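Please open the model in your viewer and keep the selection tool at hand. The tour below goes from one selection to the next and says what is found at each stop.

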Amino acid sequence: MSLSSSGHTSQKTSGGGFSYTSKVHVLDKYKVVGFISSGTYGRVYKAIGKDGNGKEFAIKKFKPDKEGEAAQYTGISQSAVREMSLCSELSHPNIIHLVEIILEDKCIFMVFEYCEHDLLQIIQHHSQGSAGGSGGGGAGASQQQQQSSAPTNNPAPPSAAAAGGKTPIPAPVVKSTLFQLLNGLHYLHCNWVLHRDLKPANIMLTSSGAIRIGDLGLARLFRSPLNSLYSGDKVVVTIWYRAPELLLGSRHYTPAIDLWAVGCIFAELLGLRPIFKGEEAKMDGKKGVPFQRNQMGKIVEVLGMPERRRWEGLSGMPEYGHLATVGQSQQQQQQQQQQQQQPGNGGGGGGAVGQQFNERGINVGLERWYHNTLASTGYPPISASSGANGSNPADTPGELGLDLLNKLLEYDPIKRLTAEEALRHPYFAGEDGGGKPSANCFEGVDVRYPHRRVSQDDNDIRTVSLPGTRKTVGIGGAGGGGGGMDEGGAGGGKRGRYVGD
Amino acid sequence: MAANYWASTQYLHWQYSRETLAQMRQKLKDEEKHLNQLFPLPDMRYLSCFFSKLLARLGKNMPVPIRQQALATAQVYLRRFYSKVEIRKTNPYIVITTALYLACKLEECAHHIKNFVNESRALWPSFITASEIAKVGECEFYLISEMSSQMIVHHPYRTLLDLQTPLNLSQDDVSMAWSVINDHYLTDLPLLYPPHVIAIAAIFLALTLRQPSTNAQQPQTATANMYSQASLRKDASDPTITGTTTQQKKSQHLVNWLSESNVNIKAVMECCQEIISLYDLLETYQESVCKEAISRFTRAQGLDK
Ligand SMILES: Nc1ncnc2c1ncn2[C@@H]1O[C@H](COP(=O)(O)OP(=O)(O)OP(=O)(O)O)[C@@H](O)[C@H]1O
C-alpha cells in the first residue's frame with residue numbers, strides 16, 4: 001500500500017503548464033520490508049536499499065490530506081518543512097542522519113538511516129523485567145504510539161511492580177546515553193537550533209550503541225536576526241518533559257527548555273518511569289491555553305515550590321498567580337514529608353513548602369527521590385568508600401549523578417546547566433571511580449535488547465507494486481492523525497503538541 | 001550549518017564560481033534553444049527587479065505584511081530555482097507566490113497557503129486563474145526538489161548588524177547598507193559570494209556614497225539616491241570628493257579593519273562593482289517590458305491556465 005498509493009495520479013497536471021514529476025522513485029531505490037509506526041504526520045516504514053549491500057533505512061512518509069484518488073497538493077506543513085530543512089543542514093554523529101528526501105506523488109519521503117532501538121523501548125524493556133531475554137516485552141509499535149503522542153488523562157499504569165522484576169539500566173549505559181545525548185544537543189544549540197520535543201521516543205540508538213537524536217519536526221532556529229522568539233507556534237514539548245518556565249507561561253524559548261527535558265530523561269532512565277508524570281489540562285474552549293496545574297504539581301511534589309529568592313524571573317512569569325494554587329493542593333502531603341526530614345525548617349514560597357537544599361546545594365526533595373528510586377530500581381547502594389562491599393562504583397550513577405541531575409532539574413532557566421556545562425560535569429569525568437562514558441552505549445553490557453518491531457503485512461507491501469491498485473490498506477492504527485500537509489500557517493498545526501489558536 | 005556558514009548547504013551546494021554559473025545557464029539555454037529564440041527576455045537583472053517588486057507587492061498585501069528577511073529568502077529561492085529550470089517553461093507568477101509561501105515557513109512567519117493564493121490572484125488575475133492552491137502546492141514540490149530540500153539561507157543582514165558597533169556605523173549608515181543589501185538580490189551575488197563579503201561591500205558602498213547633504217534619506221528611496229550618488233563612483237578612492245570627514249574616517253577605519261581581517265578584499269571589491277553596475281543598469285528599467293516578455297511566453301504555452 002501506501003508508500004505510493006496515489007501513483008497513478010501524478011500524470012495529471014494541475015495546470016496548463018508545468019507539472020511536477022519526481023526524478024527519483026522511492027520504490028526503485030528501496031524495498032519496503034515493514035511498517036514501524038504511525039503518527040500525527042504520517043507513517044514510518046522500514047526499508048532495505050536496492051543497491052545490493054543490504055543497508056537498512058527508515059522512511060518517514062508525510063501523507064497528503066486525503067489519500068487515494070482524491071489526493072491533492074495542499075501545501076507542506078510547517079513542521080515537515082522544518083524537519084526537512086534542518087535535517088538537510090545538520091550533520092553530527094548524535095543527530096539522526098538523513099539520507100535523502102524524495103518528493104513523489106504528492107507525498108514526502110524522508111529517508112533516514114535505520115535505528116534499531118530508542119530509549120522508550122529500552123526503558124520499557126527494563127521496566128518489564130525482561131532484560132534477561134528478548135521474548136518478554138519488547139516495546140512494540142503500539143506501545144510506542146501510545147506514549148509518543150501527548151499523554152492522555154489515563155496514563156498507562158506503572159507496569160513494573162506488577163511484572164515483578166524490573167532491572168536497572170546498567171549505569172554505564174545511562175552514562176554513555178546521557179553523554180551522547182548532551183553531545184548532540186550541544187551541537188544543536190551551537191547551531192542555534194532548539195529541539196523542543198526531547199523525550200525517550202525521539203532518542204534513538206543504532207545497533208552499535210550510538211545515540212541519534214531524532215524527530216526535528218518541532219525544532220527551530222533561535223537567534224535568527226529579526227526573528228522574535230515569541231512569534232509563531234506556542235507551547236511545545238510533550239508535557240512530562242516540559243520545563244517549568246513553559247508551564248508558567250513563558251513564551252521565550254531558550255536552550256534551557258531542552259536541558260530540563262534531558263534532566264527528565266536522565267531521571268526516567270534511572271527510575272524506568274517518567275519522573276513528572278502529570279496529566280495534561282486540555283484546551284479550554286475559547287479561554288485559550290490552560291495552566292498545567294497537575295504537571296506543575298508533579299514537579300513541586302519532588303522539588304518543592306519554586307521561590308523568588310532563588311529564581312529571579314519567577315514573579316514575572318505570566319502564570320505566576322496560579323502557582324500558589326499548586327502549593328495548596330500539595331501542601332499537606334509536602335509538609336508531612338518535610339517535617340519528618342527537615343524539622344524546624346519552614347518553607348519560603350507563596351504559601352507552600354519551598355525548596356530545601358542540603359549543604360552541597362542538592363535539592364533535598366530530589367535527593368530523597370534519587371535514593372529511593374535507585375534503591376527501588378535495584379542499583380547497588382552508593383558506598384562512600386568506593387569498592388566497599390565488593391560493589392563496583394561504576395554500577396551506580398552515584399552521588400555525581402545526583403549532582404548533575406540536580407543542576408539539570410534547576411527551576412531557574414538561567415541557572416540551569418547548558419549542554420556544554422553538563423558535558424564538563426564531573427559525573428562524566430568519572431572521578432568517583434564511576435568511569436568515563438563509552439562512545440558505545442552497549443559496551444560491556446550483556447543485555448540483549450529486542451529489535452524494533454516491524455509489522456510485516458505482505459499484502460500491504462505487494463499492493464504497492466501491483467499496477468492499478470490504489471486502495472489504501474490500513475495497518476495498525478494508521479488512521480491516527482490528520483494529514484501532515486494541510487497546515488500552512490503558524491499555530492495551525494494539527495500535531496497534538498501544539499496548543500495554539 | 002545554521003551558525004557556521006562554512007558548514008552550511010548554502011556554502012557547500014549553492015555558491016558557485018562565475019564560470020560554473022555561466023555554464024549552468026548555458027546548459028539551460030542549449031536544452032531549450034527553440035524556446036529561447038522564440039521568446040527573448042530582457043537582462044536577468046531587469047527580470048529580477050520585476051520579480052522583487054512583485055514579491056514586495058504580494059508581501060505587502062498579506063494580512064500581516066511579510067518582513068524583509070522572508071522576501072530576501074524568497075528571492076534567493078527564485079535565483080536557485082531558475083539556475084536549474086528554464087524560466088520560459090514556468091509561470092513566474094506561480095513560482096513567485098510559491099517561493100514567498102515557502103520562505104515564510106522557513107523564516108517562521110508562515111501564513112496559510114490560501115492567503116497567498118488569494119492575494120496573488122487579486123494582484124495578477126490574468127496570470128493566476130483557476131483553483132491555484134493545488135498549483136502552488138505542486139510548485140512547492142518542484143521548488144524544494146530543485147533545491148534538494150536545502151532551504152536555510154544565510155543573509156548579509158546579520159553581519160551588517162554585527163559590524164555596526166565595531167565599525168562605528170551610524171543608524172543612517174546602517175539603513176543605507178541595508179538597502180544596498182536589499183538590492184544585491186537583484187544580481188547573481190547571492191550565488192557567488194558569502195553573505196559576510198556582501199555585507200562588507202554594502203557597508204563600504206554606504207560609507208563612500210553617502211553624502212552629508214543627504215543624511216536624512218529614506219531607506220525606501222535609497223535605491224534611487226544610490227544611483228545618483230553612484231556617479232561619484234569613479235572618485236570613490238579620492239577622499240576629497242567622497243563624504244564628510246566623519247564618513248572618511250569611517251571608511252578608513254573599515255579599510256584598516258579589513259586589512260587586519262582575513263576577509264577577501266578582492267571579493268568585496270568585485271561585489272561593489274557588481275552593485276554599482278546594477279544601479280547603472282536600473283536607470284533604464286521598464287516594468288512593462290518585463291511584464292510583456294513574461295506574458296508572451298506564458299500565454300503562448302498556456303502556462304497561465
Ligand atoms: N531512523 C529511524 N529508525 C527507526 N525507527 C524510526 C526512525 N525514525 C523514526 N522511527 C520510529 O518512528 C517513530 C515516529 O518517528 P518520529 O518521532 O520522527 O515521528 P513523529 O510522529 O513526528 O514524532 P512524535 O512521536 O513525537 O509525534 C519513532 O518513535 C520511532 O519509533
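Start with the pair α12(B) and α15(B), which are oblique to each other, a word used here for angles that are not under 35 degrees (roughly parallel), not over 145 (roughly antiparallel) and not 65 to 115 (roughly perpendicular). To find them, select residues 195-209 of chain B for α12 and residues 265-282 of chain B for α15; the two helices pack at an angle of about 60 degrees, with their axes 8 Å apart. Axes here are lines fitted to C-alpha atoms, for helices over the stretch in contact, and angles run from 0 to 180 degrees between N-to-C directions. Helices (H or I, at least four residues) and strands (E, at least two) are DSSP runs, numbered from the N terminus.

Before going on, note that this is a predicted model, in which local features need pLDDT of at least 70 and side-chain atom pairs count only at pLDDT 80 or more, while totals for chains, interfaces and linings use all residues. Residues are numbered from 1 along each chain as its sequence is written, chains are lettered from A and ligands numbered from 1 in the order in which they are written, and side-chain values use heavy atoms, with hydrogens and water left out.

Now show side chains at this crossing. From α12(B), the residues that meet α15(B) include B:Val197, B:Ile200 and B:Phe204, and their partners in α15(B) include B:Val268, B:Met269, B:Cys272 and B:Ile276; contact means heavy atoms within 4.5 Å. The residues of this contact divide into 13 nonpolar, no polar and no charged, where Ala, Val, Leu, Ile, Met, Phe, Trp, Tyr, Cys and Pro count as nonpolar, Asp, Glu, Lys and Arg as charged, and the others, Gly among them, as polar.

Zoom out to the whole of chain B, which has 16 helices and zero strands. Of its 305 residues, 57% count as buried, meaning under 20% relative accessible area, with exposed set at over 50% and partly exposed in between (1.4 Å probe, protein chains only). Among contacts in chain B between residues at least 6 apart in sequence, 81% join residues at least 24 apart.

Next, select B:Asn168, in the loop between α9 (157-163) and α10 (171-184) of chain B. B:Asn168 is not a glycine, yet has a positive phi of about 55 degrees, and it is partly exposed, with a relative accessible area of 49%.

Move to chain A and pick A:Asp105, placed in the loop between β4 (98-104) and β5 (107-113). Here too phi is positive in a residue other than glycine, near 50 degrees, but A:Asp105 is buried, at 12% relative accessible area.

Then select helix α6 (residues 171-190) and helix α8 (residues 256-271) of chain A, whose axes come within 11 Å and cross at roughly 170 degrees. That makes α6(A) roughly antiparallel to α8(A). By class, their contact has eleven nonpolar, two polar and one charged residues; A:Thr177, A:Leu181 and A:His189 are among those on the α6(A) side, and A:Asp258 and A:Phe266 among those on the α8(A) side.

In the loop between α7 (244-247) and α8 of chain A, select A:Ser250, which counts as buried at 13% relative accessibility. Leaving aside neighbours within four places in sequence, A:Ser250 is in contact with A:Glu245, A:Met317 and A:Pro318.

Finish at A:Ala429 in helix α14 (residues 426-429) of chain A, where a relative accessibility of 32% counts as partly exposed. Beyond its neighbours within four places in sequence, A:Ala429 is in contact with A:Gly435 and A:Lys436.
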